[in-house]
Amino acid sequence: MTSLDKPTTDDKPTTDDTSPDDARAVTEAALFEAFGGVRGMVETVLPGLLFVSIYTVNKDLHMSAIAALAVALVMVVVRLVRKDTVKHAFSGVFGVAFGVVFAMMTGNAKDFYLPGMLYTLGLALAYIVTAMAGVPLIGLMLGPVFKENLSWRTRNPGRKKAYTKASWAWGLILLGKSAILFPLYWWADTTQLGWVLVTLKIPPFLLAVYLTWVFLAKAPPPIDVFAEMEERERAEEERRAASAQEDDGAAPAGRHRRQP
């Protein structure tokens, strides 16, 4: 158990005085940062949309795959040039690259979507399993964003409960999405699967983010463990400074007593 995670003797979280409106604003900003916002959603959807659009027109697997990978790389380059956060764009490139490799190896255009579908299913199970284990994945993801790290596990039970609910929401939503896509992977053709998958990119994501916002907006505010660490460091520095001043004051008195 780390110093950021250990319980305190006070049952109430040590937080700044924050109004409900401020707490909601902080939650909205943190979720926007964590999940990439509008730009992140565009970067998630565009490669797959380009792939299925081109494949619908000419049924050319190679052209569709290369175009999807190229636009994903361009988005990364744009972020690098603008010195923006690249984690969402890079994740998109890796997802597209795996899809291209699968599709090229098998010669089946539907396999372009298979890595992303397997990732979605695995993520759904991870959300559910971690929620059942009492260490909800959404809390592990958002804790650093809210500057609370793992303090919610033992010091802020209200937030742990909110994170658990949010993880269940993400898990069940993604599991439902997988339940739609995998039968289509086996029974539908490539264009049908592709358009359904593109259609299901944003709505389930927005629903999960909205539910996360609802749960966290009603939860107690996060404990800023970084501020606590800085406060402890300042207190320690002040204690050392005071101790040094006492030693400096005691030294002349000692020399005076030793004089004959």
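Helices (H or I, at least four residues) and strands (E, at least two) are DSSP runs, numbered from the N terminus. With that in hand, select leucine 175, which sits in helix α7, and let the tour start from there.

Two notes before moving on. This is a predicted model, in which local features need pLDDT of at least 70 and side-chain atom pairs count only at pLDDT 80 or more, while totals for chains, interfaces and linings use all residues. Residues are numbered from 1 along each chain as its sequence is written, and side-chain values use heavy atoms, with hydrogens and water left out.

**Stop 1: the whole chain**

Show the protein chain as a cartoon: its secondary structure comes to 10 helices and zero strands. Now colour by burial, where buried means under 20% relative accessible area, exposed over 50%, and partly exposed in between (1.4 Å probe, protein chains only). Of the 260 residues in the protein chain, 39% are buried. The protein chain exposes about 15000 Å², and carbon and sulfur atoms supply 65% of that. Among contacts between residues at least 6 apart in sequence, 75% join residues at least 24 apart.

**Stop 2**

Go back to leucine 175, which is partly exposed, with a relative accessible area of 31%. The elements giving two or more residues to the nonpolar patch are α5 (114-133) and α7.

**Stop 2: along α5**

Select α5 on its own. Its 20 residues reach 28 Å from the first C-alpha to the last, close to the 28 Å expected at 1.5 Å a residue; the expected span is 1.5 Å times one less than the number of residues. Buried residues of α5 include Leu114, Met117, Tyr127 and Ile128. After α5 comes glycine 134, with a positive phi near 85°.

**Stop 3: tryptophan 170**

Return to helix α7 and pick tryptophan 170. Is tryptophan 170 buried or exposed? Tryptophan 170 is buried, at a relative accessible area of 5%. Leaving aside neighbours within four places in sequence, tryptophan 170 is in contact with Phe35, Tyr127, Ile138, Phe205, Ala208, Val209 and Thr212.

**Stop 4: the nonpolar cores**

A nonpolar core is a set of buried Ala, Val, Leu, Ile, Met, Phe, Trp, Tyr and Cys residues joined through side-chain atoms within 4.5 Å. The largest one has 25 residues, and Phe51, Leu61, Val96, Phe112, Tyr113, Met117 and Leu181 have the most contacts inside it. Helices α2, α3 (61-82), α4 (87-106), α5, α7 and α8 (190-199) each supply at least two residues of this core. Which helix gives the most to this core? That is α3, with five residues.

Centre on phenylalanine 51 and you will find that it touches Leu61, Ser64, Ala65, Ala68, Ala109, Phe112 and Tyr113, not counting residues up to four places away in sequence. A second, separate core of 19 residues includes Leu31, Phe35, Trp152 and Ile173.

**Stop 5: two salt bridges**

A salt bridge is a side-chain nitrogen of Lys or Arg within 4 Å of a carboxyl oxygen of Asp or Glu, and the structure holds two. For one of them, select arginine 159 and glutamate 148, whose closest N and O atoms are 3.0 Å apart. This pair links distant parts of the chain, 11 residues apart: arginine 159 is in helix α7 (residues 157-187), glutamate 148 in the loop between α6 (137-142) and α7. Arginine 159 counts as buried at 1% relative accessibility, and glutamate 148 counts as buried at 0%.

Then select glutamate 231 and arginine 234, whose side chains meet in a salt bridge at 2.6 Å, N to O. They are separated by about one helical turn because they are three residues apart in helix α10 (residues 225-257). Glutamate 231 counts as partly exposed at 44% relative accessibility, as does arginine 234 at 41%.

Notes. Contact means heavy atoms within 4.5 Å. Accessible areas come from the Shrake-Rupley method with a 1.4 Å probe; for residues, only the protein chains shown count as cover.
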